[in-house]
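The sequence and the model are shown first, and the description follows.

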Amino acid sequence: MVRLTLFVVMVSTLLLSSYAWFPRVKEPPYQLVKTWGGKGDAPGRLNEPTGIAVSTSEVFVSDARNARIQVFDFGGNFKHMFGEPGDEAGQLGRPMNLTVANGELYVTDYFNDRIQVYTLQGQFLRAIGKPGAGPGEFNAPGGVAVANNGDLFVADFYNQRVQQLDANGDFIRQWGTPGETGVWAGEFNYPTDVAVAANGTFYIADGYNDRVQVFSSNGDFSHKWGGPLAMNIFGSFNGWFATVTSISVGPQGNIFVADFYNDRVQKFKPDGEFLNTFGIPSKGPAHTAIAAAVTSDDTVFVADYANHQIQKWRPGKK
Amino acid sequence: MKKSIFLAAIILFCSTTLFAAGTQYSLRVDGLSCPFCAYGIEKKLIRTEGVESVTVDLEKGLVIVNVQEGVVLTEAQLKQLVEDAGFTPRSMSEQLL
């Protein structure tokens, strides 16, 4: 009798785990509407796009190896560009994940260890941060989010932490510790990006832990997801990741995650329930979906690193 | 005598050219496909004194570092730089340019 009970418990656990760890797609498939770009340095061409953000009518792209930001309309037509290689104010090292907030563009400047802020027309406004591991310093910032009150959340990649700074760049607090990686809640393994929801909850792309970590607006750990136990177990099943490189909140509050080595974007509910997945497979060795941005009408623009292009996706019709 | 002077000039020219040239180091590194890490290696290496250029060859999994004349990077130094960027170097070779 005991054996039978144990057997039933084990089978039930396995079935429940299977459901949780191998979820099905719950929406119609996304449709690829168009792509644009292609490798090059002419206007409209890209050389290793690594970040993307949208305003109400434009798409902003980190054109990393060209050390510039390019701006397109939602149809993929080139509008303008700004930035040049260097470390002076307004110049760029390798721009990575982008954020548009309060009518400004926030650019993570990976080589120069700072966040640069521009108008949406490309005029340089200010720089935040400097190299280092101290409060308010960065070692290769990968992504930034801006809260309603103007506070910044910065994924400080090589410092293994996420910092919260006020709008002037003054340090408020941090999660994670420079020089230490870990798989437990609140620990990181090369964090790449942050997104803040309207209610102040913030979502962290915990890059090489292959997971998303979620913190409430008061800074307390809330939950995490990504593979079994969300503890650095990577894979290509739905809801699993193989290096998370960007994260965005959509208009319905859903979370869009760039799953780089799986060449796809995955969509989740805020609680981590898997909803959908889409992307263009790579021909290797470089991979495709490195960053995603979502418009108010649910269109998703994806920075495609391997193909040096932008992908435009629309939700499937029900 | 003329022949000896000519030969000496050739040898002198060759040796000068040899010493004037820099060195190229090739590092074989796994996992270069992700730009977050590949850029991390580039960033660390390009800021090293004497390094003139860094090229990442994704297809071959190679990081190619060109240094100025007279600059020597030791294997330990390069290994440390690559490890600081989050990678494990597989092998290294060097050649005079």
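In which sense do strand β17 and strand β18 of chain A pair, and over how many bridges? Strand β17 (residues 202-206) and strand β18 (residues 211-215) of chain A pair in the antiparallel sense over 5 bridges. Strands are DSSP runs (E, at least two residues) and helices are DSSP runs (H or I, at least four residues), both numbered from the N terminus; two strands pair if DSSP finds at least two bridges between them.

The model is predicted: local features need pLDDT of at least 70 and side-chain atom pairs count only at pLDDT 80 or more, whereas totals for chains, interfaces and linings use all residues. Residues are numbered from 1 along each chain as its sequence is written, and chains are lettered from A and ligands numbered from 1 in the order in which they are written.

**A sheet in chain A**

The open sheet of chain A comprises 4 strands in the order β16-β17-β18-β19, with antiparallel pairing. Because β16 (193-196) and β19 (221-225) of chain A stand at the edges with a single partner strand each, one side of each has no neighbour in the sheet. Within β18(A), V214(A) is the bridge partner of Y203(A).

A residue is buried if 20 or more other C-beta atoms, placed from the backbone, lie within 10 Å of its own. K312(A) is buried, because 20 other C-beta atoms lie within 10 Å. K312(A) belongs to strand β26 (residues 309-314) of chain A. Between the C-alpha atoms of K312(A) and Q31(A), 281 residues apart along the chain, the separation is 8.5 Å.

The table lists contacts (C-beta atoms, placed from the backbone, within 7 Å), not counting residues up to four places away in sequence.

| Residue | Residues touched |
|---|---|
| V194(A) | including G143(A), F153(A), F202(A) and Y203(A) |
| K312(A) | V33(A), K34(A), G76(A), T299(A) and F301(A) |

Chain B has 3 helices and 4 strands, which run α-β-α-β-β-α-β from the N terminus on. Of its 97 residues, 24% count as buried. In chain B, 71% of the contacts between residues at least 6 apart in sequence join residues at least 24 apart. Across the interface, 20 residues of chain A are in contact with 10 residues of chain B.

Key. Two residues are in contact if their C-beta atoms, placed from the backbone, lie within 7 Å. A residue is buried if 20 or more other C-beta atoms lie within 10 Å of its own, exposed if 12 or fewer, and partly exposed in between; C-beta atoms are placed from the backbone.
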